[in-house]
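Trainee: I am new to this structure. Can we go through it in short steps?

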Amino acid sequence: MPILCHSDDIAEGKSKGFQIGEHFIFAIKKHGQIYIYENSCPHLGIQLEWQPDEFLDIDASMIQCSSHGALFRIADGECLLGPCQGQSLNSIDFMINNGQIDVALTN
């Protein structure tokens with residue numbers, strides 16, 4: 001399992017994008033919990049962020065797609081508003097060992 005980063009490298013209420021090989025993923029820390037998803041909108045398969053590391057809406061309460069404004073719930077990646085409503089982001093399995101986030105990526 002590749003190491004993504006240390007959990008302290010993601011600020012509370014913020015998101016951070018990563019590229020590991022050919023995989024583009026992002027992580028969010030919300031209420032001390034880490035959530036990791038593939039950086040790909042289910043609608044068009046495009047990357048989600050507005051700017052580097054900017055995956056959240058203005059209130060940092062939802063994940064937002066920069067292309068069509070689709071909104072996804074942070075806790076499970078489900079699209080609640082937008083053209084991909086009812087679909088979900090692909091979550092990435094991970095483990096935290098001594099603060100290091102290890103991700104499970106498939107080829």
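Mentor: Start with a term. Buried means under 20% relative accessible area, exposed means over 50%, and partly exposed lies in between (1.4 Å probe, protein chains only). This is a predicted model: local features need pLDDT of at least 70, side-chain atom pairs count only at pLDDT 80 or more, and totals for chains, interfaces and linings use all residues. Residues are numbered from 1 along each chain as its sequence is written, and side-chain values use heavy atoms, with hydrogens and water left out.

Trainee: Is tyrosine 37 buried or exposed?

Mentor: Its relative accessible area is 2%. The cut-off for buried is under 20%. Therefore tyrosine 37 is buried.

Trainee: What is the order of the strands in the open sheet?

Mentor: Strands here are DSSP runs (E, at least two residues; helices are H or I, at least four), numbered from the N terminus. Two strands pair if DSSP finds at least two bridges between them. The edge strands, each pairing on one side only, are E2 (14-20) and E4 (33-38). The pairing is antiparallel and the order is E2-E3-E4.

Trainee: How many bridges join strand E3 to E4?

Mentor: E3 covers residues 23-30 and runs antiparallel to E4. Isoleucine 25 stands opposite glutamate 38, and lysine 29 stands opposite isoleucine 34. The bridges joining E3 to E4 number six.

Trainee: Which residue in the turn of the E3 and E4 hairpin has a positive phi?

Mentor: The hairpin has two residues between its strands. The phi in question is about 55°. It belongs to histidine 31.

Trainee: Why is the pair of phenylalanine 26 and tyrosine 37 called tilted?

Mentor: Rings of Phe, Tyr and Trp (its six-membered ring) pair if their centres lie within 6.5 Å; planes under 30 degrees apart count as stacked, over 60 as edge-to-face and the rest as tilted. The ring centres of phenylalanine 26 and tyrosine 37 are 5.9 Å apart. The pair is tilted because the planes stand at 40°.

Trainee: What is the angle between the planes of phenylalanine 26 and phenylalanine 55?

Mentor: Phenylalanine 26 is in strand E3, and phenylalanine 55 is in the loop between E4 and strand E5 (62-64). Both are buried. Centre to centre, the stacked pair spans 4.2 Å. The angle between the planes is 5°.

Trainee: How many residues has the largest nonpolar core?

Mentor: Such a core is a set of buried Ala, Val, Leu, Ile, Met, Phe, Trp, Tyr and Cys residues joined through side-chain atoms within 4.5 Å. Those with the most contacts inside the largest one include Phe26 and Leu48. Its residues number 17.
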